[in-house]
Amino acid sequence: MTISQKELKKSKDLVEKLLKVNGNKYNDWLHQQHQQFIEENQDLILQALSAFTSEEEEEEEKSEPKAAESVPVRPQSIPVTQN
């Protein structure tokens, strides 16, 4: 559904006037609508964040050398000299 700018402005103006009559501000109401939408979609947001962090963890695991791939370091013996 595509809304023209003219229709959008008309709706916004009407909502602003109605809110003003009730003693409310449009930006406060709009912010509340955004918060409500975020809360209603919290599960989707958490799923997306989980998927994102899982991808990052997989990338980190690929870039880190595994224990079997590392070369063990053996201490060298130091010859003792006598005077």
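Biologist: Where do Lys 9 and Asp 13 lie, and how many residues apart are they?
Modeller: Both are in helix α1, four residues apart, about one turn of the helix. Bear in mind that this is a predicted model.

Biologist: What do the side chains of Lys 9 and Asp 13 meet in?
Modeller: In a salt bridge, with 3.1 Å from N to O.

Biologist: How many salt bridges does a search of the whole structure find?
Modeller: One.

Biologist: Is Lys 9 buried or exposed?
Modeller: Lys 9 counts as exposed because its relative accessibility is 52%, and the cut-off for exposed is over 50%. Asp 13 is partly exposed, with a relative accessible area of 25%.

Biologist: What about α1 itself, how many residues has it and what does it reach from end to end?
Modeller: Helix α1 covers residues 5-21, which is 17 residues. From the first C-alpha to the last it reaches 24 Å, close to the 24 Å expected at 1.5 Å a residue.

Biologist: How many of its 17 residues are buried?
Modeller: One, so α1 is hardly covered.

Biologist: And for the chain, what percentage of residues is buried?
Modeller: Buried residues make up 2% of the 83 residues. The chain exposes about 8,800 Å², and carbon and sulfur atoms supply 54% of that area.

Biologist: Which residue just after α1 takes a positive phi?
Modeller: Gly 23, with a phi of about 80°.

Biologist: Back up a bit. How many helices and strands are in the chain?
Modeller: Three helices and zero strands. Along the sequence the pattern reads α-α-α.

Biologist: Now aromatics. How many pairs does the count come to?
Modeller: The count comes to one aromatic pair. Tyr 26 and Trp 29 form it, at 5.8 Å centre to centre with 40° between the planes, and the pair is tilted.

Biologist: Which helix holds Tyr 26 and Trp 29?
Modeller: Helix α2 holds both, and they are three residues apart, about one turn of the helix.

Biologist: Is Tyr 26 buried or exposed?
Modeller: Tyr 26 is buried, because its relative accessible area is 18% and the buried class is under 20%. Trp 29 counts as partly exposed, at 29% relative accessibility.

Biologist: Last topic, the surface. Which residues make the nonpolar patch?
Modeller: Ile 38, Ile 45, Leu 46 and Leu 49 make a patch of about 340 Å².

Biologist: Which helix gives the most to it?
Modeller: Helix α3, residues 42-63, gives the most, with three residues. Ile 38 has its place in helix α2, residues 26-40.

Notes:
Residues numbered from 1 in each chain as written. Predicted model: local features only at pLDDT ≥ 70, side-chain atom pairs only at ≥ 80, totals over all residues. Heavy atoms only, no water. Patch = residues over 30% accessible without salt bridge, like charges linked within 9 Å, V, L, I, M, F, W, Y side chains within 5 Å. Areas by Shrake-Rupley, 256 points an atom, 1.4 Å probe, with all protein chains shown as cover. Salt bridge = Lys/Arg side-chain N within 4 Å of Asp/Glu carboxyl O. Helix = DSSP H or I, 4+ residues; strand = E, 2+ residues; numbered from the N terminus. Expected span 1.5 Å × (residues − 1). Buried < 20%, exposed > 50% of the residue type's maximum accessible area, 1.4 Å probe, protein only. Phe/Tyr/Trp six-rings, centres within 6.5 Å; stacked < 30°, edge-to-face > 60°.
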